[in-house]
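The following exercises concern a single protein chain. Please inspect the sequence and the model before reading the solutions.

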Amino acid sequence: MIVSTQTDILGKRYGDEQAIRIIATAGFDAFDLSLFDMYFKKDYGMNRPDFKAYAENLRRVADEVGII
């Protein structure tokens, strides 16, 4: 069984990168990138023109900490 959680609250407080690190440290196997802010914040990483680089960076962070 894979145990996961959303990045929503941690992402708002610490940013998505740090949220992924915290989730991995807490022992979760996976994370669900919460995209709620796409609707509320125009400057959210996934709304920017460089969204692919933003997503690739989050994947790199997840790989570093061993979470899917």
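The model is predicted: local features need pLDDT of at least 70, side-chain atom pairs count only at pLDDT 80 or more, and totals for chains, interfaces and linings use all residues. Residues are numbered from 1 along each chain as its sequence is written, and side-chain values use heavy atoms, without hydrogens and water.

**Exercise 1.** Determine where S34 lies and which residues it contacts.

Solution. Begin with the position: S34 belongs to the loop between β2 and α3. Helices (H or I, at least four residues) and strands (E, at least two) are DSSP runs numbered from the N terminus. Next, consider accessibility. S34 is buried because its relative accessible area is 8%; buried means under 20%, exposed over 50%, and partly exposed in between (1.4 Å probe, protein chains only). Then list the contacts (heavy atoms within 4.5 Å). Neighbours within four places in sequence aside, S34 touches Q6, T7, D8 and Y44. Finally, a polar atom of the S34 side chain lies 3.1 Å from the backbone nitrogen of D8.

**Exercise 2.** Classify the one aromatic pair that the structure holds.

Solution. A pair of aromatic rings is described by the distance of the centres and the angle of the planes. Rings of Phe, Tyr and Trp (its six-membered ring) pair if their centres lie within 6.5 Å; planes under 30 degrees apart count as stacked, over 60 as edge-to-face and the rest as tilted. The structure holds one such pair. Because the rings of Y44 and Y54 have centres 6.0 Å apart and planes at 70°, the pair is edge-to-face. The pair links distant parts of the chain, 10 residues apart: Y44 is in the loop between α3 and α4 (51–65), and Y54 is in helix α4. Y44 is buried at 9% relative accessible area, and Y54 also counts as buried, at 18%.

**Exercise 3.** Describe salt bridges among the five found in the whole structure.

Solution. Apply the criterion: a side-chain nitrogen of Lys or Arg within 4 Å of a carboxyl oxygen of Asp or Glu. The side chains of R48 and D50 form another, at 3.2 Å. As to accessibility, R48 is partly exposed at 33%, and D50 is partly exposed at 38%.

Key:
A polar contact is a pair of N or O atoms within 3.5 Å; within protein, one must be able to donate a hydrogen and the other to accept it, and residues adjacent in sequence count only if both atoms are side-chain atoms.
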